Amino acid sequence: MVSGFESIQLATIILIVVAGFAAGWVDAVVGGGGLLQLPALLLVPGITPVQALATNKMGSIFGTTTSAVTYYGRIKPDLRTAVPMAVIALAGSFGGAVLAATLPASVFKPIIVAALVAVALFTALKPNVGDITLLRHDGRTHYVVACLIGAVIGFYDGLIGPGTGSFLVIALVSAMGYAFLEASAKAKIVNMATNAGALLFFLPHGSLLWGVGLVLGLSNMAGGYLGARTAVKQGSKFIRVVFLLVVGALIIKLGFDVWQENFA
């Protein structure tokens with residue numbers, strides 16, 4: 001069992017703790033904390049991309065579980081929608097992780113950047129979207145749409161990952177009609193399942209750095225708890241602003257990756 005602390009410096013450990021806390025806060029509000037955690041993990045000496053991805057998932061599941069429980073205790077999101085969506089997302093995430101082992105993420109990044117730009121424009125140009133919950137579907141259609149969202153975004157999380165929580169939030173807001181606060185609460189439950197699905201694939205392969213993952217997880221828990229409380233207190237308008245900031249950061253990061261891979 002590899003801890004990841006064999007040759008790591010104290011400064012790197014502190015950076016991982018800070019990144020884990022900040023990522024937990026961001027994930028709890030709108031998702032996208034992987035933007036902070038993954039770069040910090042890549043500073044661990046000798047770490048491979050697969051180990052970084054697996055350890056990131058381990059840290060994230062601590063934070064998403066904590067924020068999901070915190071949200072549930074305060075706003076009671078509808079589990080009749082969230083649980084089936086989460087189960088489907090877990091299966092999708094496992095499938096995405098399997099494919100990630102054979103297919104480079106660079107194939108999909110240009111598509112993801114275009115989707116994020118569309119999401120940002122949609123949210124910015126519709127200032128009232130997500131203020132209140134006005135469900136677009138009822139009955140069986142409501143659950144079918146929820147499960148389709150869970151399957152597609154779960155698969156994406158296992159395959160690539162960055163921005164999964166943000167994609168879940170905007171899908172729940174735009175396709176289903178939830179307010180940002182309700183959408184964030186449900187997204188945490190589903191994101192917890194997608195992290196678990198990817199971990200089910202990575203665990204048998206021995207890819208986890210257990211010591212680093214536990215430190216990352218504990219700091220992620222603290223950030224997730226504070227982030228969920230902040231989101232509940234500040235409401236949907238606050239979440240919308242943070243959402244646009246995180247999506248903007250995702251566009252810059254993934255857009256830079258695409259430019260480097262194709263033109264640099």
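These notebook entries record what I looked up in a predicted model, namely its salt bridges and its cavity.

**Entry 1. Salt bridges in the whole structure**

I searched the whole structure for salt bridges and found three.

**Entry 2. Asp 157 and Lys 57**

I noted a salt bridge between the side chains of Asp 157 and Lys 57, with 2.5 Å from N to O. This pair links distant parts of the chain, the two residues being 100 residues apart. I located Asp 157 in helix α6, residues 139-159, and Lys 57 in helix α3, residues 49-75. Are the two partners buried or exposed? Asp 157 is buried, because its relative accessible area is 2%, under the 20% cut-off. Lys 57 is buried as well, with a relative accessible area of 4%.

**Entry 3. Glu 182 and Lys 186**

I recorded a second salt bridge, in which the side chains of Glu 182 and Lys 186 meet at 2.4 Å, N to O. Both residues belong to helix α8, which covers residues 180-202. They stand four residues apart, about one turn of the helix. Glu 182 has a relative accessibility of 17% and therefore counts as buried. For Lys 186 I read 0%, and this residue also counts as buried.

**Entry 4. Arg 80 and Asp 78**

I turned to the salt bridge of Arg 80 with Asp 78, where the closest N and O atoms are 3.2 Å apart. Arg 80 is exposed, at 61% relative accessible area. Asp 78 counts as partly exposed, with 23% relative accessibility.

**Entry 5. The cavity**

How many cavities of 30 Å³ or more does a search of the whole structure find? I found one, and the space in this largest cavity is about 160 Å³. Its lining comprises 19 residues, and those closest to the centre are Gly 34, Asn 56, Lys 57, Asp 157 and Gly 161.

I next asked which elements give two or more residues to the lining. They are α2 (34-41), α3, α7 (164-174) and α8. Helix α3 provides the largest share, with four residues. By class, I listed 11 polar, five nonpolar and three charged residues in the lining.

Notes: Residues are numbered from 1 along each chain as its sequence is written. This is a predicted model: local features need pLDDT of at least 70, side-chain atom pairs count only at pLDDT 80 or more; totals for chains, interfaces and linings use all residues. Side-chain values use heavy atoms; hydrogens and water are left out. A salt bridge is a side-chain nitrogen of Lys or Arg within 4 Å of a carboxyl oxygen of Asp or Glu. Buried means under 20% relative accessible area, exposed over 50%, partly exposed in between (1.4 Å probe, protein chains only). On a 1 Å grid over the protein atoms alone, a cavity is a set of points where a 1.4 Å probe fits but cannot get out, and a pocket is an open set with protein on both sides within 12 Å along at least five of seven lines; lining residues have an atom within 4 Å of a point. Grid points are joined across faces, edges and corners, and a volume is the space filled by probe spheres set on the points. Ala, Val, Leu, Ile, Met, Phe, Trp, Tyr, Cys and Pro count as nonpolar, Asp, Glu, Lys and Arg as charged, and the others, Gly among them, as polar.
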